[in-house]
Amino acid sequence: LDRYLQPVPAGVPGELFISGSGLARGYLDRPDLTCERFVADPYGGSGERMYRTGDLVRYNAAGELEYLARADDQVKIRGFRVELGEIETVLSTRPELAQAAVVVREDRPGDRRLVGYVVAAAGRDGDVDPDALRAFSRQALPDYMVPSAFVVLGTLPLTANGKLDRKALPAPDYGAASTGRAARTPAEELLCTLFAEVLGLSAVGVDDGFFDLGGDSILSIQLVSRARAAGLPLAVRDVFEHQSTARLAAALTDRDEAASVPEAEAVPPYGPTPLTPVMARVAELGLGGDDFNQSVVVSLPPAVDRDRLVPALQRVLDHHDALRLRVLPDGSTEVRAPGSVPAADVLRVVTRAPGATGEARDALLTEAACAARDRLAPAEGRMLQAVLVDSADGTGDTDGTSSTGGTSGADGVLILVAHHLVVDSVTWSIVVPDLAAAYRGEEPAPVGTSWRQWATSLARLATDPRVEAESSHWEQTLAGAGTLRLDRGRDLQGDAGRIGLDLAPDTTEALLTRVPGGVNASVHDVLLTAFAFAVAGWRRGRGEDPDAPVVLDLESHGRHEEAVPGAELSRTAGWFTAVHPVRLAPDVTDWARLHQDGDALRDGLKQVKEQLRAVPGDGLGHGLLRHLNPTAGPRLARLPEPDFGFNYLGRRVTPATGTPEPWTVTGGGLAASRPAAPMAHAVELSTVVHEGADGPRLRAEWTYARRLVPDHDARRLAEEWFRALEALVEQADRAGTGGLTPSDVTLGSLSQSEIEEFESDLESEWEIEQ
């Protein structure tokens with residue numbers, strides 16, 4: 001209707017009025033506002049009313065109503081409609097104020113905040129206290145109507161027509177609201193940092209309220225996301241309830257103390273030790289023999305003293321229980337006491353011929369590593385072998401049977417070869433620095449939870465009712481997997497094909513930052529989304545169904561301390577890797593146009609992110625049930641296994657050219673396992689990001705069963721994956737491609753469509769306000 005309450009033609013703006021039997025009678029206990037908003041309905045019966053919404057709308061050519069703007073001072077903040085005049089009325093009751101005006105400011109894109117501008121009453125200039133006004137407003141108004149900041153002015157700026165000149169109002173200093181009281185605990189310090197990052201402030205005090213500093217519900221979700229990434233189990237409702245960093249930190253501490261219980265029993269570090277799920281998996285599938293190993297090459301200080309190296313190595317062997325593990329005849333293991341593995345039996349020395357460099361040096365290192373691998377004997381407790389490669393006049397033979405006296409030359413290296421049952425990539429980052437510390441005569445840092453304690457706790461956890469309740473999830477995940485039909489008697493490592501590809505640094509950088517940041521995802525989410533897209537495209541080329549779910553085994557570091565209350569694994573050596581299946585099913589309408597369809601790429605990433613978030617307990621429960629639970633294990637064993645395996649090893653710094661620092665891991669993988677070892681999957685992808693001088697570079701290593709996947713077919717899949725990654729990068733650079741997903745919001749009742757509708761409404765209102 002127009003200002004005379006007459007209908008306007010299609011295409012002409014007018015104010016939207018609502019009438020009918022469902023209309024409210026008015027505002028409770030607000031007769032003045034009721035009279036203003038609920039007016040007589042000239043088109044209804046006697047005494048009927050209609051409600052003036054204050055929304056300017058128009059009918060478009062399709063007969064639909066289009067929202068254009070507000071016709072009054074009503075705005076929407078944090079999802080609530082707010083009458084600015086109502087806030088001003090409340091403030092005008094303060095005796096120290098002569099005038100008050102409230103406006104909505106957007107000093108940062110998308111960050112809309114209520115700001116109050118006040119003028120002191122005559123003779124009361126020193127009585128206006130913004131903190132007191134904020135406290136008063138919080139008592140008199142709902143939280144969403146409390147201004148984020150108050151600015152005291154001499155007079156309110158006016159236009160030539162005598163109206164408030166909103167453009168002349170100065171921007172508030174939100175940081176001035178900070179109490180400045182410093183953090184006292186690590187949790188408070190972390191929360192203060194996160195508050196400042198999300199709110200765009202230089203500093204935040206522990207007593208500062210999130211909403212007092214300009215926060216809103218959308219920003220609270222960002223805060224919670226960052227807090228979760230930093231390891232704090234924060235929820236949006238916590239921010240609304242506690243608000244300040246001091247109260248939030250105290251609430252989290254109380255929650256931890258209430259939820260944490262000591263481990264069920266103290267387990268001595270030595271003695272018979274249960275197999276962990278990954279150990280049981282390797283034994284059952286026959287994936288590892290005596291030569292199943294990992295190896296690293298470590299740089300050494302100039303003229304390393306071998307007489308100091310032996311006791312240093314002994315200190316490491318005695319300090320880390322897993323290195324003294326022995327496999328018993330029945331397939332179980334035991335951790336032996338310190339001193340049971342003499343370092344003198346572990347260390348061998350080989351001498352490099354003078355001038356041997358390049359290929360000759362590499363050949364010598366490989367030969368020494370393979371000889372060390374062949375000395376591994378899990379049944380005899382030989383889990384670690386070390387080879388000092390002496391480059392000068394050290395004594396000893398290249399077959400690894402020399403003495404350990406004397407000193408090495410200036411560029412000697414140490415090769416460490418360990419059976420995979422006792423090491424993983426994290427373990428090397430523990431053992432090598434500890435060896436360096438012991439060589440310098442320092443005591444290695446203490447270990448938290450022992451290997452035997454962890455293994456025993458997992459065995460206990462496997463029959464926990466909460467873990468057993470996950471069985472149905474894993475059964476549904478594995479349904480229909482294994483269409484390529486791997487045969488471990490025929491598909492062997494020695495016959496496998498291998499492809500290695502590198503992704504450009506600029507694309508890699510985007511995958512690590514912009515792409516996951518746009519939808520609040522992880523790098524894992526992005527890589528696996530591209531993998532699902534790639535497999536679908538690859539299947540299309542093979543004449544198979546691209547819509548079929550992609551079921552794969554996903555490896556993780558397995559150091560899930562939260563599974564065992566009280567566990568501390570950051571300093572524990574051992575093989576912690578966990579493997580669990582995931583089922584990826586992005587809903588794509590037109591696979592042929594996927595890479596050109598930004599919406600499909602974005603939606604697919606959000607869907608895969610949610611499918612990964614639906615995995616219970618970081619996936620640890622699958623291995624516990626499959627390999628350690630006597631009831632669920634046989635049932636899960638009858639299900640098909642995934643065709644694909646995926647492992648993202650994270651980011652690693654590539655050593656700079658030139659002489660590396662002493663005790664730096666400069667290489668590895670020199671001692672390959674036996675070629676007769678069976679393959680775990682028909683196709684496996686292992687990927688890592690190397691941080692080099694030209695930036696980060698994603699390295700993809702594909703291994704595949706040639707009997708099932710020919711070389712050209714495997715290369716097509718590898719290239720499909722890179723194309724999918726590049727398409728996700730291009731999509732992320734387009735406007736409007738981000739957004740939240742249900743796992744970002746603690747209200748489980750919100751669907752993806754509802755979240756996107758809410759985001760769309762906010763964007764529309766921001767555009768109109770601008």
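This is a predicted model: local features need pLDDT of at least 70, side-chain atom pairs count only at pLDDT 80 or more; totals for chains, interfaces and linings use all residues.
Let's start with contacts, meaning heavy atoms within 4.5 Å: among contacts in the protein chain between residues at least 6 apart in sequence, 74% join residues at least 24 apart. Residues are numbered from 1 along each chain as its sequence is written, and side-chain values use heavy atoms, with hydrogens and water left out.

Now for the overall make-up. The protein chain has 23 helices and 23 strands; these are DSSP runs numbered from the N terminus, with helices being H or I of at least four residues and strands E of at least two. Of the 770 residues in the chain, 49% are buried. Here buried means under 20% relative accessible area, exposed means over 50%, and partly exposed is in between, using a 1.4 Å probe and protein chains only.

An α-helix has 3.6 residues a turn, so residues three or four places apart point the same way. In helix 4 the buried residues include Leu 191, Leu 194, Phe 195, Val 198 and Leu 199. Just after helix 4 comes Gly 200, with a positive phi of about 70 degrees.

Next, the aromatic rings. Rings of Phe, Tyr and Trp (its six-membered ring) pair if their centres lie within 6.5 Å; planes under 30 degrees apart count as stacked, over 60 as edge-to-face and the rest as tilted. The whole structure holds 14 such pairs. In one of them, Tyr 27 and Phe 38 have ring centres 5.8 Å apart and planes at 80 degrees, so this pair is edge-to-face. Tyr 27 sits in the loop between strand 1 and helix 1, and Phe 38 in strand 2, so the pair ties together parts that are eleven residues apart in sequence. Tyr 27 is partly exposed because its relative accessibility is 29%, whereas Phe 38, at 6%, counts as buried.

Tyr 439 and Trp 663 make a tilted pair, 5.5 Å centre to centre with 55 degrees between the planes. This one links distant parts of the chain: Tyr 439 is in helix 12 and Trp 663 in the loop between strand 20 and strand 21, 224 residues apart. Tyr 439 is buried at 8% relative accessibility, and Trp 663 is buried at 13%. Tyr 439 also has the charged end of Arg 308 over its ring, 4.0 Å from the centre. A charge sits over a ring if NZ of Lys or CZ of Arg is within 6 Å of the ring centre and within 35 degrees of the ring normal. Elsewhere, Arg 94 lies over the face of Phe 136, at 4.7 Å from the ring centre.

Three strands form an open sheet in the order 10-13-12, with antiparallel pairing; two strands pair if DSSP finds at least two bridges between them. Strand 10 and strand 12 are the edge strands, each pairing on one side only. Strand 12 and strand 13 pair over three bridges, and Leu 325 has Val 335 in strand 13 as its bridge partner.
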